[in-house]
Amino acid sequence: MAGVALLTPSTPPTTAPQPRTEPAVRRTAPVPAADLPAKARTEPAVRRTAPVSAADLLAKVRACAPVSHGRYREDHDAKATVPVCGTRDAVFWKADMDIDCDGRPGRRCNARTDPYFSASTAFAQSDGRPLSAEETPYVVVPAPSAVWNHRSHGVRGGSVVAVVYRDRVRYAVVGDTGPADIIGEASYAAAESLGIDPDPHGGGTPSGVTYIVFKDSRVTPIEDHRAAVTAGERLARRFVDADG
C-alpha cells in the first residue's frame with residue numbers, strides 16, 4: 001500500500017491567477033489605407049490636375065508683344081499681317097493652317113497627292129530619315145530671315161508646340177521650315193488631330209489657329225509623339241500658371 005501511495009500523483013494546491021501589472025505587448029501590422037473606413041483616412045486622395053484648356057492658353061496669349069521685326073504672309077498672295085509675339089517662356093502666332101505633307105512618302109502624302117511635295121524635312125528622325133507628315137504632328141516655322149530668326153528665341157527642331165483650334169489643344173513639335181516670308185503651316189497628322197481637313201490639295205483652314213512654341217524645349221527623339229504630349233502638357237500648365 002505504501003508503494004501505491006508513492007505512485008499516486010498529489011494534487012497541487014489551487015491558486016488564483018495573479019493580475020497582470022503591465023499590459024501585454026501587442027504587435028499590430030499597419031492597416032492598408034484601402035481597408036480603412038472612409039472616416040478613418042486622414043490623408044487626402046491624390047488629385048489629378050485637369051488638362052490645360054484652349055481657353056486657358058488663349059487667355060495667356062491675348063496680348064501680343066512682337067519679337068519679329070515685321071510681319072508674315074499666310075499665303076503667297078496675301079498681305080503681311082501676322083507678327084510673331086513673345087513672352088518670357090514662349091513665342092506664338094495666330095494664323096491659318098496650310099497642310100505640309102513633306103517628308104517620307106506615304107499613302108496620303110506623296111508627289112501624286114501634293115503638287116508641292118518634298119521628300120525631305122528640315123529636321124530628321126533619330127534614324128536619320130525625314131519625318132513622316134502622316135505620322136508625326138509637326139509645325140513649320142519660317143526659315144530664318146531679317147524678319148525673325150527662330151533660333152534666337154530658343155526654337156529649334158523638336159521644340160514643343162501647343163496648337164489651339166476652337167476648343168481643342170493638341171501638342172506637336174517643330175519639324176520643318178518653310179518660306180522665309182510665310183507662316184501658318186503644319187503636318188497632315190497635326191491637322192487631322194485638330195479636326196482640320198488634312199488634304200494637302202485644298203485642305204487646311206483659313207484662320208483661327210494659334211501656335212505656341214515653348215522656348216528651349218526639345219523632344220528627343222523628335223518622332224516620339226507620346227513624349228511630345230507629356231512635355232506639352234507639363235509646359236502648358238507651367239505657362240498658364242506663371243505670373244505675367
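This is a predicted model: local features need pLDDT of at least 70, side-chain atom pairs count only at pLDDT 80 or more; totals for chains, interfaces and linings use all residues.
Which residue in E6 is the bridge partner of valine 139? The partner is alanine 186.

## Overall make-up

The protein has 244 residues, and buried residues make up 40% of them. Its secondary structure consists of four helices and seven strands. Read from the N terminus, the order of elements is α-α-β-β-β-β-β-β-α-β-α.

Among contacts with a separation of 6 or more, 73% are between residues 24 or more positions apart. The accessible surface is about 15000 Å², and carbon and sulfur atoms account for 52% of that area.

Strand E3 covers residues 138-142. Five of its five residues are buried, so the strand is mostly covered, where buried means under 20% relative accessible area.

E3 pairs with two strands described here. With E5 it runs parallel, and five bridges join the two. With strand E6, residues 185-187, the pairing is antiparallel and has two bridges. Valine 139 takes part in both pairings: it stands opposite valine 174 in E5, and its bridge partner in E6 is alanine 186.

## The largest pocket

The largest pocket has a volume of about 540 Å³. It is lined by 23 residues, and those closest to its centre are His76, Asp98, Ile99, Tyr116 and Glu185.

Two strands, E2 (90-100) and E5 (168-178), each supply at least two residues of this lining. Sorted by class, the lining has eight nonpolar, seven polar and eight charged residues.

## Phenylalanine 214 in strand E7

Phenylalanine 214 is found in strand E7. Is this residue buried or exposed? Phenylalanine 214 counts as buried because its relative accessibility is 2%, and the cut-off for buried is under 20%.

Phenylalanine 92 is 122 residues away from phenylalanine 214 in sequence, yet their C-alpha atoms are 8.7 Å apart.

## The loop between E7 and H4

Strand E7 spans residues 205-214 and helix H4 spans residues 225-241, and the loop between them holds proline 221. The peptide bond that leads from threonine 220 to proline 221 is cis, with omega near 0°.

Aspartate 216 is placed in this loop as well. Its phi is near 60°, a positive value in a residue other than glycine. Aspartate 216 is exposed because its relative accessible area is 63%, and exposed means over 50%.

## Histidine 225 in helix H4

Histidine 225 is found in helix H4. Its relative accessibility is 34%, so it counts as partly exposed. Not counting residues up to four places away in sequence, histidine 225 touches Pro137 and Tyr171.

Histidine 225 can also be placed relative to threonine 136. The two are 89 residues apart along the chain, and their C-alpha atoms are separated by 6.7 Å.

## Residues in the loops on either side of E4

Strand E4 covers residues 160-165, and asparagine 149 lies in the loop between E3 and this strand. Asparagine 149 counts as partly exposed because its relative accessible area is 25%. Along the chain, asparagine 149 and serine 68 are 81 residues apart, while the separation of their C-alpha atoms is 8.1 Å.

Arginine 166 lies in the loop between E4 and E5. It has a positive phi of about 55° although it is not a glycine. Is arginine 166 buried or exposed? With a relative accessibility of 65%, arginine 166 counts as exposed.

Terms used: Residues are numbered from 1 along each chain as its sequence is written. Side-chain values use heavy atoms; hydrogens and water are left out. On a 1 Å grid over the protein atoms alone, a cavity is a set of points where a 1.4 Å probe fits but cannot get out, and a pocket is an open set with protein on both sides within 12 Å along at least five of seven lines; lining residues have an atom within 4 Å of a point. Grid points are joined across faces, edges and corners, and a volume is the space filled by probe spheres set on the points. Ala, Val, Leu, Ile, Met, Phe, Trp, Tyr, Cys and Pro count as nonpolar, Asp, Glu, Lys and Arg as charged, and the others, Gly among them, as polar. Buried means under 20% relative accessible area, exposed over 50%, partly exposed in between (1.4 Å probe, protein chains only). Two strands pair if DSSP finds at least two bridges between them. Contact means heavy atoms within 4.5 Å. Accessible areas come from the Shrake-Rupley method with a 1.4 Å probe; for residues, only the protein chains shown count as cover.
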